[in-house]
Each structure stands twice: as C-alpha cells, then as structure tokens.
Amino acid sequence: MADVAVVRADVLAWFDVHARDLPWRAPDRTPWGVLVSEVMLQQTPVVRVEPAWRAWLERWPTPGDLAAAPTSDVLRAWDRLGYPRRALRLQECARTVVERHGGVLPDDEATLLALPGVGPYTAAAVRAFAFGRRSVVLDTNVRRVLARLVAGEALPAPAQTAAETRLAAAWVPDDDATAARWSAASMELGALVCTARSPRCDACPVADRCRWLAAGRPGDLHAHRRRTQAWTGTDRQARGRVMALLRDALGPVPHDAVAAVWPDATQLARCLDALVADGLVARDDAPGDAPDPDAATYRLPH
DNA sequence: AACACGGGGCC
DNA sequence: GGCCCAGTGTT
C-alpha cells in the first residue's frame, strides 16, 4: 500500500511536467466545456477533437446556446468526428440541462449520469475535471496503465470487469484535489507513454515498478478473443456516406441522389430507415396519397 | 454479455 | 489490412 502512494506520487510529478496544454484544461474553461470535450473524446482522438472543440464552444458557449440551435447545424458542426448520434445526444443533453437544471450543469455523479450521452466514464470525468471532485475515472488509458503496472498484462480484458473498477477505486487518492489530478495524470500517462501500440517505457516515471515491464513485456493474453469491427460494406459505412452527403447538401436530397452513394439498394433502404428512426435524418414524402420511397427527399433534421 | 455505432491515421 | 482512439445505449 505504501507502494501505491509512491507510484502515485511519481505519476503526479511526471504529470506536472508533461501534461499537455489542452484547451479544456485551461483556467477559463467551463464545466459545460469540459462535458463537451468528454463527449467529443468518446472514441475520437485528441488531435481531431481539439479544433472542433474550439469552434464548437465559440459558437455555442452554454447549454442554452446549443439547446436553441437547429439540429441540422449541430450535425454539420460535428462534421466528421464520427458517431453522429453523440452530437444528437449532446444537444439533448443541453436541452435537459436547460429544462431540468436551469441551464447549470449539475456536479453530482448520479445526476450527471442521468443526462443523455453521459455514461459512467463521462459522469466521473466531468465530476473530476470540471468540478475537481473525487471520482473513479476509468477509461481505456487508465485500464491499460493499471493492467500493465499492477496486473503485469499487456492490455486489459476486452470488457471492463468489476475487479478492475475496485482496483481503480483503490488507486484514487482520498482528497478531492489530488484525486482529480490523479485521474488526469493516469489518463495522460496512458495517452503519452503507456500507449497501446508502442509504449515508451524508457520515458515512464514508474517503469521500475511495472510488473509488465519486469515480466519482459509479454504479449496480449486476450489477443485471440479480440474481434476487429468490420468496416467496408457495412451498414456503418453506408450510414456514414449518407450523413456526409446530407451534411454537404444545401437542400433536400432526392432519393435517386442518395441511392447514388451506395450500390446495394436493399442495404441502403434499411440504413435510411434506421437513420430516420435514430433522428439523424428527416424524410419528406412527396405530395400524393401513397408514399413512394423513391419519390421521397432526405435532409438533416431541423 | 454482446452488438451497433464513424472516421481517420499509424504500422 | 489490422488495430486503436478520454464510450454509450440497446438488446
């Protein structure tokens, strides 16, 4: 246990020197800005989020601003960050904050967790990074750092386990300020040094206490169970093509023009139905008594 | 517990 | 071409 305190102190000291100057860490950031950054960073790398975050917060600085925006503007501003449902949920989140909390982001974890698009990670991250309070922030970086440092494994299990959560909680310092710094520091170590692909153990502040390094950096135990998500020819690729088309369109797009971006008509029809059901796309039927899918037009929702 | 869900960059 | 990225919501 004394070991934990020493390792933690070394990581914190490393963070004091090596922390990146990210805009959502600047002194003038707002809690809402922190939440926006966390949602954008859900599966999108920092380098791509940074410029998008600056433009987004300049355009919609508060929950009230985003709540009042046309959804089509929100989806266009999201651009190619990926998983556009996050943009939709971020606006729903803004509207919920306005309606339920008077436009002020709540600071307790359970209330944050109840917001659209906010799951266990984001609720804990906002609690720590926006409000400086103790929480167990367990993302892919922290999972990997602890897997190597403590468990001596190359990578964490594909799915997060209860044991991991307990371990992570045991590593979070008791007091709010240090806990929040530890959360940022352990994530940063995973992002900059203890990376998934080619870890820079020579630059690691706790390399001398790392069980994985001591064991000679053995390979991934779970490699045989990991299954990469398919991409080419999938519904996700088809949906992406449609969204890109509608983002760039100035007005409603006729069905024929939509069909031109995807060769498989059956698959496209299924994806369009799903996009409409998800609220990412609006379909306007042509005037007449029998709605004809081929005569409909498509656009981003208002 | 398993799946669906974008997009880009790196090895 | 496989792998990874500050995950969430649904089934």
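**View 1. α8 passes α11 in a left-handed crossing.** Left-handed here means the near helix is turned anticlockwise from the far one by less than a right angle (clockwise would be right-handed). The contact (heavy atoms within 4.5 Å) takes in Tyr121, Ala128 and Phe129 of α8, plus Ala180, Ser183, Ala184 and Met187 of α11. Sorted by class, that's six nonpolar residues, one polar and no charged. Nonpolar covers Ala, Val, Leu, Ile, Met, Phe, Trp, Tyr, Cys and Pro, charged covers Asp, Glu, Lys and Arg, and the others, Gly among them, are polar. Helices are DSSP runs (H or I, at least four residues), numbered from the N terminus.

This is a predicted model: local features need pLDDT of at least 70, side-chain atom pairs need 80 or more, and totals for chains, interfaces and linings use all residues. Residues are numbered from 1 along each chain as its sequence is written, chains are lettered from A and ligands numbered from 1 in the order written, and side-chain values use heavy atoms, without hydrogens or water.

View 2. Near means a heavy atom of the residue lies within 4 Å of the strand. Of the 27 residues around DNA strand C, Gly117, Tyr121, Thr122, Asp139 and Arg144 come nearest.

**View 3. Side chains at the bases of DNA strand C.** A polar side-chain atom of Tyr121 sits 3.2 Å from a base nitrogen. For Trp24, a side-chain N or O atom is 3.0 Å from a base nitrogen; for Arg20, the distance is 3.4 Å.

Technical notes:
A polar contact is a pair of N or O atoms within 3.5 Å; within protein, one must be able to donate a hydrogen and the other to accept it, and residues adjacent in sequence count only if both atoms are side-chain atoms. Helices (H or I, at least four residues) and strands (E, at least two) are DSSP runs, numbered from the N terminus.
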